[in-house]
Amino acid sequence: MAEQQIENVVIVGSGPAAWSAAIYTARAELKPLVFEGAITEDNRQRGTLPLGQLALTTEVENFAGFPAGDLSGYFDTAFDERKAKELNSTHHKKGVSGPELMELMRQQAKNFGTRIVTDDIVSCDLSQRPFTLKTLGGKEVQAQAVIVATGARANYLGLPSEDKFKNMGVSACAVCDGALPRFRNKPLVVVGGGDSAMEEATFLTKFASTVYIVHRRDEFRASRIMAERALKNEKIEVKWNSVIDEVLGDDKNGVTGVRIRNSSDDSQTEELEAAGYFAAIGHTPNVDFLDGQVELKQNGYIQWTTPFRTNTSVEGVFAAGDVADDYYKQAITAAGSGCQAALDAERWLAEQE
Ligand code: NAP
């Protein structure tokens, strides 16, 4: 039987951190192997399909290098006539969408020789090197170094009506989706009582006519400063002691409102008209396959063990992006930490040899 090949570096994940790590490790001649995730109903339901959270969003306007809007005036003044003409013909389109950005990153990684497997890693043995990783499809792969870039998934309440209207008014990212035309000058609903809910609700007031915060208790979990900022905002109305009973809508218009229920008196319900519903009840990092072998922070995110590095508690295992970042949680910071993880892995592998 042929001896199993030992990979230099296996990257688990397929968001900006994973592709950025793949681009850098491929260019360092490490021949990375990426497990981008499996296309399964289970992953669809959980929001963990290949290409990650960005694949679930629409326009991305805050990723440097993809400016939105009409740039012809800028090109005309910043470049000579020939270059401006060329740029005007290629950059006619607005910004980039989340799915496009991910496809571009994936292709960029592929162009440098990254090999990609469309499967989940479901378990691993990190107790000895080379590390062993097992796929959902039942295959095993061995690696000298592993970069975990599996991201985090937004928590939803789990209502069928929430699922039905995803991308049709249901979102878990106000910063990504809030500026869409469907939300402008309309009432919107944010569910949750933490800092994310305060931040999302405050952000949405830029576009919405009213933002309802629906919270299950009579006090917020959010920090005082963020809670006060939200409470002071005239466009925000809080529905205390309230839970979402159902997201209301139809196939043509998507979300049209929510029905809320009083959390202390079950019989009291109220319907709120709204064009959007934003879940802000936290995120869950995708760490199940590690099965406790890598140290986690108290909130379940991977612990980076060395300041300004992507090292984890297991030597040779590095973490990048949202799976370890519970603070910035941005596409561009994830891409940055993917690059860091690639350089950390490359240097660590060089030291081993
Ligand atoms: P969080 O602090 O865990 O708050 C989650 C909120 O969702 C809580 O109010 C919780 O209600 C509610 N919730 C959870 N499950 C629910 C359910 N099934 N039904 C109804 N409500 C539910 O999460 P987060 O707001 O995403 O914040 C995560 C971390 O990031 C925090 O450490 C936060 O400080 C930080 N963060 C900081 C900033 C900032 O400083 N700019 C911004 C965003 C987030 P209960 O309160 O009743 O449990």
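In the predicted model, a backbone N or O atom of glycine 194 lies 3.2 Å from an oxygen atom of the ligand. An N or O atom in the side chain of arginine 216 is 2.9 Å from an oxygen atom of the ligand, and for the side chain of arginine 217 the corresponding separation is 2.7 Å. On its own, the ligand has 910 Å² of accessible area, of which the protein covers 67%. The site that holds the ligand is the second largest pocket. The shell around the ligand comprises 16 residues, and the closest of these are Asp195, Ser196, Arg216, Arg217 and Arg221. Helix H8, which spans residues 195–204, supplies three residues, the largest share of this shell.

Strand E18 covers residues 283–285 and strand E19 covers residues 317–319, and valine 294 is placed in the loop between them. Valine 294 has a relative accessible area of 3% and is therefore classed as buried, the limit for that class being under 20%. When neighbours within four places in sequence are left aside, the contacts of valine 294 are Leu126, Ile302, Thr312, Ser313, Val314 and Val317. Tryptophan 304 lies ten residues from valine 294 along the chain, and the C-alpha atoms of the two residues are separated by 10.0 Å.

Threonine 310 belongs to the loop between E18 and E19. Its relative accessibility is 1%, so threonine 310 counts as buried. The side chain of threonine 310 forms a polar contact of 2.6 Å with the side chain of aspartate 344. Beyond the neighbours within four places in sequence, threonine 310 is in contact with Trp304, Val317, Phe318, Ala319, Ser337, Gln340, Ala341 and Asp344.

With a relative accessible area of 18%, glycine 300 is classed as buried, because the class extends to any value under 20%. Apart from residues up to four places away in sequence, glycine 300 touches Pro285 and Val287. The C-alpha atom of glycine 300 is 29 Å from that of alanine 64, and these two residues are 236 residues apart in sequence.

Several backbone features were also identified. Most residues other than glycine have a negative phi, and most peptide bonds are trans. A cis peptide bond joins arginine 129 to proline 130, with omega at about -5 degrees. Proline 130 is situated in the loop between strand E6 (121–125) and strand E7 (131–135).

A positive phi, near 80 degrees, occurs at leucine 51, a residue other than glycine. This leucine 51 lies in the loop connecting helix H2 (41–46) and strand E3 (59–60). The relative accessible area of leucine 51 is 10%, and the residue is therefore buried. Asparagine 185, also a residue other than glycine, has a positive phi near 55 degrees. Its position is in the loop between helix H7 (174–177) and strand E11 (187–191). Asparagine 185 has a relative accessible area of 63% and is accordingly exposed, as the exposed class begins over 50%.

Valine 9 was considered as a position within a strand, E1, which spans residues 6–12. The relative accessibility of valine 9 is 0%, so this residue counts as buried. Excluding residues up to four places away in sequence, valine 9 touches Thr25, Leu30, Pro32, Leu33, Ala145 and Ile147. Valine 9 and threonine 90 are separated by 81 residues in sequence and by 36 Å in space, C-alpha to C-alpha.

Technical notes
Residues numbered from 1 in each chain as written. Predicted model: local features only at pLDDT ≥ 70, side-chain atom pairs only at ≥ 80, totals over all residues. Heavy atoms only, no water. Helix = DSSP H or I, 4+ residues; strand = E, 2+ residues; numbered from the N terminus. Buried < 20%, exposed > 50% of the residue type's maximum accessible area, 1.4 Å probe, protein only. Contact = heavy atoms within 4.5 Å. Near = heavy atom within 4 Å. Polar contact = N/O pair within 3.5 Å; in protein donor to acceptor, adjacent residues only side chain to side chain. Areas by Shrake-Rupley, 256 points an atom, 1.4 Å probe, with all protein chains shown as cover. 1 Å grid on protein atoms, 1.4 Å probe; cavity = no way out; pocket = protein on both sides within 12 Å on 5 of 7 lines; lining within 4 Å. Sits in = over half its atoms within 2 Å of the grid points.
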